[in-house]
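Thank you all for coming. Please have a look at the structure on the screen, and then I will walk you through a few of its features.

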Amino acid sequence: HGKSLLAECPAPKNLWSCFAQALKQEAPLVILGPMSAAARAILLRQLPATPPAGAALVLFTSGSTGQPKAVFHSEASLLASGEQLATGLGAPVSQISLLPPSGMAGIAFHFLLPLFSGKRILWWNHPLPNSAHELPAALAAAKADLLSLNPFLLEMILRNENFGSRQLDVVSLTAPLSLKLRGKFREVCPGFLREVYGMTEAAGPVLLQGQSLGVKAKLAKDGELMIHGAQMF
């Protein structure tokens, strides 16, 4: 699309080759999720004819206005976020992420975290509604010690009584966890449940358990969160 490369609904493992190709061609990588042709056209209209200098990744956000906007990240902002994420979460032996790789949270865990932690990631390519019962055995066989997902997916797999069969750290992103869901997790799983808040504009997670991963954050007078840091777009 013009001077940009489009990756539409990439599989997790394809993120690596997509980024490699974009860096090789010195072209911004535009990642799109599943959407209608009309929605796709609306988003692509937000792309300027000439991308900003240093742009490496482009995602779309509505911010607080409800209007789609293109968010441009440089290689430096992605590296800063990846380093902060790896420092905040440590170095898992291996991880499985159920997050869609077309959003910033998924990119952070499918690409940035394994890139900086140097550990392996296992791709879960099966639709979860049909495969949630297989996940505990897969986690055990892979000796995975980190699972990243969102509250909807966590609720889905907690319906499986075998989920808590081994020690496991779980990170939930993209939306707040309910007290009911937290309580259910404690009942069935001996692992540690952590909650991350992130933003597309910040190249991934910003707060882990309410603490900053490296971004400078403060509340404005109107109650909005003001953030500043090297990982910002």
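Predicted model: local features only at pLDDT ≥ 70, side-chain atom pairs only at ≥ 80, totals over all residues.

Let me begin with Arg194, which is found in strand E9, residues 193-199. Is Arg194 buried or exposed? With a relative accessible area of 10%, Arg194 counts as buried, because buried means under 20%. If we leave aside its neighbours within four places in sequence, Arg194 is in contact with Gly88, Leu89, Leu146, Asp169, Val170, Val171, Ser172, Leu208 and Gln209.

Now to the nonpolar cores. The largest one has 31 residues, and those with the most contacts inside it include Leu29, Leu57 and Met104. Among the elements that give two or more residues to this core are helix H1 (14-25), strand E3 (55-61) and helix H4 (104-117), and H4 gives the most, with 8 residues. Apart from this core lies another, of 23 residues, among them Ile157, Phe163, Cys189 and Leu193.

E3 and E4 pair in the antiparallel sense over 6 bridges, and they belong to an open sheet of 4 strands, in the order E1-E2-E3-E4, with mixed pairing. The edge strands are E1 and E4, each of which pairs on one side only, and neighbouring strands of this sheet are turned by 25° against each other on average, direction ignored.

Note on methods
Residues numbered from 1 in each chain as written. Heavy atoms only, no water. Core = buried A, V, L, I, M, F, W, Y, C linked by side-chain atoms within 4.5 Å. Buried < 20%, exposed > 50% of the residue type's maximum accessible area, 1.4 Å probe, protein only. Contact = heavy atoms within 4.5 Å. Pairing = 2+ DSSP bridges. Axes fitted to C-alpha atoms, helices over the stretch in contact; angles between N-to-C directions.
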